[in-house]
Amino acid sequence: MRAETRVRFVALTVLLLAGVSRARADEMGDPPAAAPAEAAAGPVVGEKAPTVSASVWLNTEGGKSPLEDLEGKAVLVEFWGTWCGPCVRAMPHIQALHERYGPRGLVVVGITRETADQVKGYLAENKYTMPIGCDPEQTCVKAYALKGWPSTFVIGKDGILLYASSPYGAEAAVEQALGLESGPAALLTGWLDAAKGSDTEATRQALERLSEKATGCFDLKAWALGALGAEPATPAAPPKVDGAKALDGLVPAWKGTDAAKRAAALTPLAQGGPTDFDLKTWVRTALGKAFPLTKAELTAALDAGRFGPVLDMLLYRNAATALFTQASKHGGFVSWCKSKRDDVRADARRGLMAQHWVFADPPMNGIDEATNEKFWADFSVSGMAMSADKKAILGVLLGGQMVLKADAPAYVRDHLAQFVVMTSVIDGKPLKGAAIAAEAKKEQDAILADLKRKY
């Protein structure tokens, strides 16, 4: 990779991780209006957050403020604008946080200095359902003394500011505010603990939460060692353990009170379990088997406009053909699929570019100097995560998500599966299970063949 290319993307990464996304002047629009001198420093994490206000609210019932009753709720405030390129790129990520954590007690609001007439069309076109506050007087903008656009703030249930930085680092603060565990190892243990009892809803919530945070490269051996509490004797030839079968067998062993039985189930995993187990695929399969999608769930999600979760339900909840048909007849969901499908495929394509060239060893293998600039212009990501010595690319920012090298194959697979389901919904031809996977593989092969012809 040419040195100047590397420097350009390192600079983008530093800005993103610092919490201030910057771009060219023509992309960013005007800087934020100057705040009063006494507010120049802005709100301080750990102190009371300034009031969030707007003169007009969109996407709320009767145009009322969504912030009137916040008892037991945390708040995420996203300062954004249609004139701001980085803001526009971050909005899908903010919408996803709204859909994922709204039912758990998070209130997500976007604040713009634009008027309602300036943003209504954009919100409708992109199917954004989070509450949007229009603050043309910039009362709220000045109260938060923005250093750049977009800027994201997370406020705890007690009104104390927990986070003030980039949109892409906000999820951990949201989970903290809601009191949610986020580590896949702890969530796996939590689900097994929940499955011991008779509370079906608690078991389901634990499994759903695990499915959200599970990775495609999970160290199952290390988890088993931690759960066992002591390192077992290692035989001369450690057993080669099938991680999926071992986890399936753990459930009944975990339910009992016999500690020896649980230890016996954990020991093979602790001795020879996989260190790069695809926990994400396993837990989604388990979720679909244990809690197949119901008509009532699908109807409620469709009626609420929670179309991102609807797509996940169709993919991972073992949905019956009749439910696919129901979704394909919902005008709002079909329109949403049409508006998002090309972006999902484009992100999968960039994921393949990352997987086969950026993350390759050596990186950019086979790409000559003349093609290098063309590749990076085509790749066009929002930012990257670099190693401490700035010599290795550890992750790339795709569609508002930091995708690390180990997770790139799962990212591509998931996005192409989403693309296939969106297409089937648009065409009114439901696909399920193996058929979705087969079509996604065909699409992946076609994209990769085209990329290899170019690079």
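This is a predicted model: local features need pLDDT of at least 70, side-chain atom pairs count only at pLDDT 80 or more; totals for chains, interfaces and linings use all residues.
Student: How many aromatic pairs does the structure hold?

Tutor: Ring centres must lie within 6.5 Å for a pair to count. The number of aromatic pairs in the structure is 17.

Student: How are the rings of Phe79 and Phe153 arranged?

Tutor: The ring centres of Phe79 and Phe153 are 5.7 Å apart. Planes over 60 degrees apart count as edge-to-face. The planes of Phe79 and Phe153 stand at 85°, so this pair is edge-to-face.

Student: Which strands hold Phe79 and Phe153, and how many residues apart in sequence are the parts the pair ties together?

Tutor: Phe79 lies in strand S2, residues 74-79. Phe153 lies in strand S5, residues 151-155. The pair therefore ties together parts whose separation in sequence is 74 residues.

Student: How far apart are the ring centres of Tyr144 and Phe153, and are Tyr144 and Phe153 buried or exposed?

Tutor: The planes of Tyr144 and Phe153 are at 65°, so the pair is edge-to-face. Its ring centres are 4.8 Å apart. As for accessibility, Tyr144 and Phe153 are buried.

Student: At what distance from the ring centre does Arg262 lie over the face of Trp254?

Tutor: A charge over a ring needs CZ of Arg within 6 Å of the ring centre. Arg113 has its charged end over the ring of Trp149, 5.5 Å from the centre. For Arg262 over Trp254, the distance is 4.1 Å.

Student: Which residue in the hairpin of S5 and S6 takes a positive phi?

Tutor: S5 and strand S6, residues 161-165, pair in the antiparallel sense over 4 bridges. Ile155 stands opposite Leu161 in S6. The hairpin has 5 residues between the strands. The residue with a positive phi, near 85°, is Gly159.

Student: Which residue just after H6 takes a positive phi?

Tutor: The phi there is about 70°. The residue is Gly179.

Student: What is the bridge partner of Gly395 in S9?

Tutor: Strand S8, residues 393-398, pairs with S9 over 4 bridges, in the antiparallel sense. The partner of Gly395 in S9 is Leu404.

Student: Where is Lys432, and which residue has its backbone oxygen 3.2 Å from a polar atom of the Lys432 side chain?

Tutor: Lys432 sits in the loop between helix H18 (408-427) and helix H19 (433-454). Its relative accessibility is 33%, so Lys432 counts as partly exposed. Leaving out residues up to four places away in sequence, Lys432 touches Asn318, Ala319, Ala320, Thr321 and Phe324. The backbone oxygen at 3.2 Å belongs to Ala319.

Definitions and conventions. Residues are numbered from 1 along each chain as its sequence is written. Side-chain values use heavy atoms; hydrogens and water are left out. Helices (H or I, at least four residues) and strands (E, at least two) are DSSP runs, numbered from the N terminus. Buried means under 20% relative accessible area, exposed over 50%, partly exposed in between (1.4 Å probe, protein chains only). Contact means heavy atoms within 4.5 Å. A polar contact is a pair of N or O atoms within 3.5 Å; within protein, one must be able to donate a hydrogen and the other to accept it, and residues adjacent in sequence count only if both atoms are side-chain atoms. Rings of Phe, Tyr and Trp (its six-membered ring) pair if their centres lie within 6.5 Å; planes under 30 degrees apart count as stacked, over 60 as edge-to-face and the rest as tilted. A charge sits over a ring if NZ of Lys or CZ of Arg is within 6 Å of the ring centre and within 35 degrees of the ring normal. Two strands pair if DSSP finds at least two bridges between them.
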